[in-house]
Amino acid sequence: MTILILKIIAMVTMTMDHVATGFLDGMPVMRIIGRVAFLLYAFMIAEGFFHLKDKPERLKSHIIKLAALCVISEFAYDFMETGKLIDWSSQSVMPVLFLGFVGLVITERFAKKPWVVVIYYAVSALISYFGKFNYKFAGVLLIYAFYFYIKYAGKKSFIKKFLILSALISVYFVIYVWARASFGGPSAWLEAFMKIRYWLIGHYAAMAIISLYNGKQGPRNKIANFIYSIYYPLHLVILGILELVWK
């Protein structure tokens, strides 16, 4: 399983998720499949960092690209969600990926000053939560978790990888559900859990896919890379236009 395959799976499952929410009244099966997408994107942000961290110029250009995609994607996301170009009720997933990537840069640069890293992790989580980013604050923390997984457990067997990742994603899910429940008590958590409990199927499926990753990039093509880079905002705009026509 190469990065190219992960990218294709991420794009397909993300599109299925957005089609389900936009046109099919949130079809449960497609939403479960759609849970795979963000987890793969979060993993690839961490994996991509390891390929770029010793290449300052490419690292800088990647940060700039992610920042630009944040701005562009926000307009596209708001258009798909509300038909407007600006809406602050919720934000796209791109700021989560951007904050996470910057956090990984800080993790490496300030490895000897862990207090700086911890402060950034906390600040990025707060920004994600109060900024109403997708996946609350759990999304950005998941990127940091994938960083440490890749660093310390990336070369183990499939079974060991899957067990580690399953434990990781279970903790993530507990935290995410708690955030969705507005940090309420056990009854509030259970109510929120019951609403999305089947999402765990997609989460564990994503962990199995990541466990199969072989560390290779796969065939590289500039056009394919460009399509992958712009696919998120592009498909949101297309779906937004289709929703206007559909309605």
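Predicted model: local features only at pLDDT ≥ 70, side-chain atom pairs only at ≥ 80, totals over all residues.

Start at Glu 108, which counts as partly exposed because its relative accessibility is 27%; buried means under 20% relative accessible area, exposed over 50%, and partly exposed in between, with a 1.4 Å probe and protein chains only. Glu 108 pairs with Lys 151 in a salt bridge, with the closest N and O atoms 3.8 Å apart (a side-chain nitrogen of Lys or Arg within 4 Å of a carboxyl oxygen of Asp or Glu). That pair links helix H4 to helix H6 (residues 138-153), 43 residues apart; helices are DSSP runs of H or I, at least four residues, numbered from the N terminus. Glu 108 also bridges to Lys 53, at 3.9 Å. Lys 53 sits in the loop between H2 and H3, so this pair ties together parts 55 residues apart in sequence.

Residues are numbered from 1 along each chain as its sequence is written, and side-chain values use heavy atoms, leaving out hydrogens and water. The mean pLDDT (the predictor's confidence in each residue, from 0 to 100) is 91.

Now for another salt bridge: Asp 17 and Arg 35 meet at 2.6 Å, N to O. They join helix H1 (residues 3-23) to helix H2 (residues 28-52), and both residues are buried.

Asp 78, in helix H3, is buried too, yet has no salt bridge. Its nearest side chain of opposite charge, Lys 84, is 9.8 Å away.

Note on methods:
Helix = DSSP H or I, 4+ residues; strand = E, 2+ residues; numbered from the N terminus. Lys, Arg positive; Asp, Glu negative; His and termini not counted.
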